[in-house]
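Me: Hi! I'm new to reading structures and would like to go through this one with you. Could you help me make sense of it?

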There are 2 protein chains.
Amino acid sequence: MYGIFSYDIASPRVGFKHRDHILDLEVVGLLGYFSELNLDPAVFARPTLNDFMKLGKPTWQAVNHRIKDLLSNENVAFEGVHDQVLIRESRAMMHLPVRIGDYTDFYAGIHHAENVGRMFRPDGEPLLPNYKQMPVAYHGRASSIVVSGTPIRRPQGQFMQGGKLTFGPSQALDFELELGLIIGKESRLGQPVSIADAEDYVFGLVLFNDWSARDIQRWEYQPLGPFLGKNFGSSMSAWVVPFEDLHPFRVESPRQEPALLPYLQSSPTEGTISNHFDLTLEVLLNDVVISQTNARYLYWSFAQMIAHHTVNGCNLNVGDVLASGTISGTEPGSYGSLLELSWNGERPLVLPGETAEPEGRKRTFLQDGDTVTMRGISIKHGHTLKFGEVTGTIQPSAQ
Amino acid sequence: MYGIFSYDIASPRVGFKHRDHILDLEVVGLLGYFSELNLDPAVFARPTLNDFMKLGKPTWQAVNHRIKDLLSNENVAFEGVHDQVLIRESRAMMHLPVRIGDYTDFYAGIHHAENVGRMFRPDGEPLLPNYKQMPVAYHGRASSIVVSGTPIRRPQGQFMQGGKLTFGPSQALDFELELGLIIGKESRLGQPVSIADAEDYVFGLVLFNDWSARDIQRWEYQPLGPFLGKNFGSSMSAWVVPFEDLHPFRVESPRQEPALLPYLQSSPTEGTISNHFDLTLEVLLNDVVISQTNARYLYWSFAQMIAHHTVNGCNLNVGDVLASGTISGTEPGSYGSLLELSWNGERPLVLPGETAEPEGRKRTFLQDGDTVTMRGISIKHGHTLKFGEVTGTIQPSAQ
């Protein structure tokens, strides 16, 4: 996994996580280990991954393979320079890994969308008519995306409380468990990206927490969508998993009915479409696991999200972030938000190990001081894929 | 007005428009005319205004005053260097003036919001309950904002036609007349900007055309707001009017009822709040004026937009764009979109001077080859304020 780290007097630079150490890729390059790749090591002495990503997919892949070769147990020669190139992770400070262009948030988690529909439109169909025809999405705020570990200040805002317009700290602060795609290739304005080419635009994946203030969101979101209920902060993991590392975790995509418009149809490989990924994800609230779910519960594939986003000619830039939307499974223990886990506050979560005080034991939404951590570890066919965690602690509102 | 221009072998750089010439601010600086301001002329040799904006409001004002002094008729000495510093505008190519961070689109034109409400929710109140409590807004797409003159390709997408899901070129392509604020000062994540300080964050204003595909928008926008119906392109004028030049055009803000929450209340100066601006704006379709309106029709002030945007702690960056939303007056001839001017296609516009063919004479939405131009010229108390125009021509969809 790639990230941006600094340590001692070393300014922010590109690193590759290796167990509890970080490989300093600039130093690896200066020692000549990338010389066959015709790569200037200076691209790793930058405070974001953007310049590295701009070198293109063949270079990402060559570097990824070279690094794995260098770090393999058989590479005894490289062990001789370990003390020059490996920095203990505990000495490092992590930074936001990309300079983000635009941030888009999809709504591709169908069980989440159904749950929200059931809560907010109890008399209608859980899903709106467009849901199974397109990966619904909206634009989010890039400026307030922060790296894992950054505290999140509880937002203030307007909301309705007991039928009365109120201003104050949100009383319904929530998390949303999502995956984020980091776009590594530019597309041209006016030129759609076909679904066959779409995955080539993805450099890698992060874990993503789309913090949400449900009370602010509910009052503001008609008719133009979420705004202040979301844009006070989103958190991403410091580490970006290379997209090709996901390959062993491909699974058959869900059957999609009604039939899709051609631009959203993937070509089957050996009879099946395998654009989904079997990735185990979990959420911890104050170190207690409160949800376990899987990326395969997404209705729409990453390829479909990109094909849809660009079908009208909208252009992608290196550093754009496309988040999946909240990933919820079918059972209550697999929901990706407190809104769903507490069923809009009606069924408070009881956290084990807390004090016997009734307020302390239960959670509907987040309290000041709560820490939310998201993790992802998957093992399949002998391959292990581990995301960098994304964590954040709630600070009280500004006074 | 400031903009980014290039000519002959001169790479993109900061210029100031003076009648039909452009003042090359780097050359002015190299000749020593900014030496009292302690300003490195290199800040004007950049391809965007961002670095100049980062110098802060006192510097913007000092440069603005110095330029006006140099260009005044009385400054005979400066006339001697005119041939070194003034470039004929017809020789120059204009570029997008800012490197845009985030783009937010408000919905502050109340007559537009009422018209849309009447068309789309004929059985309900034209305005939703939140409209008069907050400047409603949503996040837009920064990557597809282009400079005036850039052709706009008709987007393709999904929409409902006669009750049937269809894919193809939009059949309801529209413009939206807006003003865009260029943010010139950074705010800190977690720190609201008070309404008293809000205008200090505005470097200047542009004319802004938020092109919209109404059929795509209508099918997609529930529940999360506009996405592909908007993000295929937005156009801004090449020239940015310094915010302080708007001062003579201040007018009393409209009375706002019901009462606002304190964070949206401006302090009155001499009994009135004058955070609105009397700016005449017009739209031309193929050189025919089809709408004349005024910025004073906005319900919410720029200061209120900024105070609302940041009240939850959302941070602003230098180069962010905040657009006003469509500005419509009270009469049909003052509406800022074809959706309203043709009342959702029910009352086609008849354009004079076109051929007698029925299809040629009428417009409900935009046809391929149509050119939309927006202008703004205001005269008040002996002051003239002229925006740079924003224009764009519709190209057929990609095949």
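This is a predicted model: local features need pLDDT of at least 70, side-chain atom pairs count only at pLDDT 80 or more; totals for chains, interfaces and linings use all residues.

Reply: Happy to! Let's start with one pair: A:R66 and A:E36 form a salt bridge, with their closest N and O atoms 4.0 Å apart. A salt bridge here is a side-chain nitrogen of Lys or Arg within 4 Å of a carboxyl oxygen of Asp or Glu. The pair links distant parts of the chain, 30 residues apart: A:R66 sits in helix 3 of chain A, and A:E36 in the loop between helix 1 (25-30) and helix 2 of chain A. Helices (H or I, at least four residues) and strands (E, at least two) are DSSP runs, numbered from the N terminus.

Me: OK, what is the secondary structure of chain A?
Reply: Chain A has 10 helices and 27 strands. Its radius of gyration (taken over C-alpha atoms) is 22 Å, close to the 21 Å that the globule rule gives for 399 residues, so chain A is as compact as a globular protein of that length. That rule is 2.2 Å times the number of residues to the power 0.38. Along the principal axes, the C-alpha atoms of chain A fill a box of roughly 70 × 50 × 40 Å.

Me: Which domains does chain A have?
Reply: The assignment gives domain 1 (2-95) and domain 2 (103-395). Such bounds come from an automatic or database domain assignment. The C-alpha centres of the two domains of chain A lie 30 Å apart. Their contact (heavy atoms within 4.5 Å) takes 21 residues from domain 1 and 15 residues from domain 2.

Me: And how much area do they bury between them?
Reply: Domain 1 and domain 2 of chain A bury about 1,500 Å², 65% of it on carbon and sulfur atoms. Buried area means the accessible area (1.4 Å probe) that two parts lose on being put together, summed over both. A:Y2, A:M53 and A:W60 supply 39% of the area that domain 1 buries against domain 2, more than any other three residues.

Me: What about salt bridges across that interface?
Reply: The rule finds two between domain 1 and domain 2 of chain A. A:K57 also forms a salt bridge with A:D200, and their closest N and O atoms are 2.6 Å apart.

Me: Now chain B. How many of its residues are in contact with chain A?
Reply: 52 residues of chain B are in contact with 52 residues of chain A. The two chains bury about 5,200 Å² between them, 62% of it on carbon and sulfur atoms. In chain B, the residues that lose the most area to chain A are B:R141, B:L224 and B:F227, together 15% of what that side buries.

Me: Which residue does B:R141 meet in a salt bridge?
Reply: The side chain of B:R141 meets that of A:D102 (3.4 Å, N to O). Across the interface of chain B and chain A the rule finds four salt bridges, and 32 residue pairs are in polar contact.

Me: Switching topic: where are there cis peptide bonds?
Reply: One joins A:Q222 and A:P223, with omega about 5°. A:P223 lies in the loop between helix 7 (214-220) and strand 16 (234-236) of chain A. Another cis peptide bond joins A:E257 and A:P258, also with omega about 5°. A:P258 is in the loop between strand 18 (250-251) and strand 19 (276-277) of chain A.

Methods
Residues are numbered from 1 along each chain as its sequence is written. Chains are lettered from A and ligands numbered from 1 in the order in which they are written. Side-chain values use heavy atoms; hydrogens and water are left out. A polar contact is a pair of N or O atoms within 3.5 Å; within protein, one must be able to donate a hydrogen and the other to accept it, and residues adjacent in sequence count only if both atoms are side-chain atoms.
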